[in-house]
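Have the viewer open as you read.

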Amino acid sequence: MRRYPTGVTVVTSYLGEKPHGVTVNSFTSISINPPTIGVFITTGSTGYRAIRSSGGYVVNILKHDQEHIARRFSLEPPETRFHNIEWHRSRSLGMPVIAGSLAYIEAKISSEIQVMDHTLFVGEVINAEILSDTGPLIYHMRAYKKLG
C-alpha cells in the first residue's frame, strides 16, 4: 500500500467540549448525489469516540506545506494536538477547521460500518469550502510529498 499515493487529511470533531483531530489518508468520496463521504477510523480509538459522540466530523484537506500538521495529529498525544494550532468552527456543524488548510468538508454521520479493526463513518456532506488554490500534501512510500 505504500506504493499507492494518497492525499493527507486531518479529521476533526469534538470529544466533549474539546476539539479532537487525527491524521487520516483513508478518506473517500462515496456519492455525488447526495454528496456523501467516508473516513475509516480505528475502532475504539480516541478519534472513533470523538466522531461517534459528536455525530459528525470535518475532513481538513492539507496543503503541501502542512506536513507538520499531519505529523502532529498522527504522533502527538490527543490532548496536545490542538495546542498552538490556529483553528475556527465550521459554518454548519461548528466542528474544528484547521486554519490554512486547502479545503474542508463538513459531514453529519449517516451510518457506521464495522470493517475489521476500523469503522467506516459514512457522512452526509453538509458544507464544503475551498480555502486555498495551492497544491495538496501527498503521502507516498512512507513519506510526505507535494505534487510537481
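Arg 91 has a relative accessible area of 63%, so it counts as exposed. Please keep in mind that the model is predicted. Arg 91 forms a salt bridge with Glu 129, and the closest N and O atoms of the pair are 3.0 Å apart. Because Arg 91 sits in the loop between strand E7 (87-89) and strand E8 (96-98) while Glu 129 belongs to strand E10, the pair ties together parts that are 38 residues apart in sequence. Glu 129 is partly exposed, with a relative accessible area of 23%.

How many salt bridges does a search of the whole structure find? The search finds 4. One of them joins Arg 52 to Glu 112, with 2.9 Å between the closest N and O atoms. This pair links distant parts of the chain, since Arg 52 is in helix H1 and Glu 112 is in strand E9, 60 residues apart. Both ends are partly exposed: Arg 52 has a relative accessible area of 46%, and Glu 112 stands at 35%.

Glu 67 is partly exposed at 29% relative accessibility, and Arg 71 is partly exposed at 38%.

In soluble globular proteins, nonpolar side chains tend to be buried together. Here, the largest nonpolar core has 14 residues, and those that touch the most other members are Val 11, Ile 37, Val 39, Ile 41, Ile 51, Tyr 57 and Phe 121. Two or more residues of this core come from each of strand E5 (36-42), helix H1 (46-54), strand E6 (56-61), E9 and E10. Apart from this core lies another, of 11 residues, including Val 10, Leu 62, Leu 137 and Tyr 144.

Leaving out residues up to four places away in sequence, its contacts include Ile 37, Val 39, Ile 41, Ile 51 and Tyr 57. Phe 121 also touches Arg 52 and Glu 112, the two partners of the 2.9 Å salt bridge.

## A buried threonine

Thr 23 is found in strand E3 (residues 18-24). Is Thr 23 buried or exposed? With 19% relative accessibility, Thr 23 counts as buried, because the cut-off for buried is under 20%. A polar atom of the Thr 23 side chain lies 2.6 Å from the backbone oxygen of Ala 70.

Which residues is Thr 23 in contact with, leaving aside its neighbours within four places in sequence? They are Val 8, Thr 9, Val 10, Ile 69, Ala 70, Phe 73, Ser 74 and Tyr 144.

## A nonpolar patch on the surface

Ile 113, Val 115 and Met 116 make a nonpolar surface patch of about 310 Å². Met 116 is in the loop between strand E9 (103-115) and strand E10 (118-130). With a relative accessible area of 75%, Met 116 is exposed.

Methods
Residues numbered from 1 in each chain as written. Predicted model: local features only at pLDDT ≥ 70, side-chain atom pairs only at ≥ 80, totals over all residues. Heavy atoms only, no water. Helix = DSSP H or I, 4+ residues; strand = E, 2+ residues; numbered from the N terminus. Buried < 20%, exposed > 50% of the residue type's maximum accessible area, 1.4 Å probe, protein only. Polar contact = N/O pair within 3.5 Å; in protein donor to acceptor, adjacent residues only side chain to side chain. Contact = heavy atoms within 4.5 Å. Patch = residues over 30% accessible without salt bridge, like charges linked within 9 Å, V, L, I, M, F, W, Y side chains within 5 Å. Areas by Shrake-Rupley, 256 points an atom, 1.4 Å probe, with all protein chains shown as cover. Salt bridge = Lys/Arg side-chain N within 4 Å of Asp/Glu carboxyl O. Core = buried A, V, L, I, M, F, W, Y, C linked by side-chain atoms within 4.5 Å.
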